[in-house]
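Dear colleague,

Please find below the structure that I am handing over to you. My findings follow it, and I would be grateful if you read them with the coordinates open.

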Amino acid sequence: MTTLSLTINGQKHGPVEVRDDLSMNDFLREMLGMTGTKFGCGAAQCLSCAIIVDEPDGTSYTSPTCIAPAVNFDGKSIRTVEGHARDGALSALQKAFIDHFAFQCGYCTAGFLNEGQVLLEHLARKPVPREKLEQTIADALDGHLCRCTGYIKYHEAVRDVILADSNRYLIATK
Ligand code: FES
Ligand code: FES
């Protein structure tokens, strides 16, 4: 057993004793009841289980949770799909996913949402030229599997959010 303390969506959790082999996915879903993070392949292949990890320097990245031990997240700050809406208001990305009918069964949606959010935050720090945007989005979402094949709609939704705030996310062209 190991003692685990971490911050989830801005709220501190723990210290709590967890088995060393408890996966982060089981910690979130079974111990905390946060079932927005899904369990798909269980083999780090589909990313339906991906969450956001926030680094102290303000950068962020996604991590699968299915094969990652919960104790690996001790002391870390993470975000899950439950943390995107603010005071009941959906984020721009959540709204765009709905507007584009990006998801059908929704099983992959939390992973795509977290990946898209990380991309937005990355672009806000390091904008790209418009001509690189399509490849940038494709690269960011690559690896997320959608058995309902909503790939293009997810891509278009992320693109819409970026273009709606292009001064923030894209390098201005002269
Ligand atoms: S369930 Fe974790 S990558 Fe598929
Ligand atoms: S919406 Fe069903 S798996 Fe993507």
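This is a predicted model: local features need pLDDT of at least 70, side-chain atom pairs count only at pLDDT 80 or more; totals for chains, interfaces and linings use all residues.

Two strands are said to pair if DSSP finds at least two bridges between them.

Strand S1 (residues 2-8) and strand S2 (residues 11-18) run antiparallel and are joined by 6 bridges. Within this pair, Ile8 stands opposite Gln11 in S2. The two strands form a hairpin, with 2 residues between them. In the turn, Asn9 has a positive phi of about 55 degrees.

S1 also pairs with strand S5 (residues 77-79), here in the parallel sense and over 2 bridges. In this pairing, Thr7 stands opposite Ser77 in S5.

As to the overall arrangement, the chain is divided into domain 1, covering 2-80, and domain 2, covering 92-169. Between the C-alpha centres of domain 1 and domain 2 there is a distance of 22 Å. Contact between the domains involves 14 residues of domain 1 and 12 residues of domain 2.

Which strands each supply at least two residues of the side of domain 1 that touches domain 2? They are strand S3 (51-54) and strand S4 (60-63). S4 provides the largest share of that side, with 3 residues. By class, the side of domain 1 that touches domain 2 consists of 7 nonpolar, 6 polar and 1 charged residues.

With kind regards

How values were computed: Residues are numbered from 1 along each chain as its sequence is written. Chains are lettered from A and ligands numbered from 1 in the order in which they are written. Domain bounds come from an automatic or database domain assignment. Two residues are in contact if their C-beta atoms, placed from the backbone, lie within 7 Å. Helices (H or I, at least four residues) and strands (E, at least two) are DSSP runs, numbered from the N terminus. Ala, Val, Leu, Ile, Met, Phe, Trp, Tyr, Cys and Pro count as nonpolar, Asp, Glu, Lys and Arg as charged, and the others, Gly among them, as polar.
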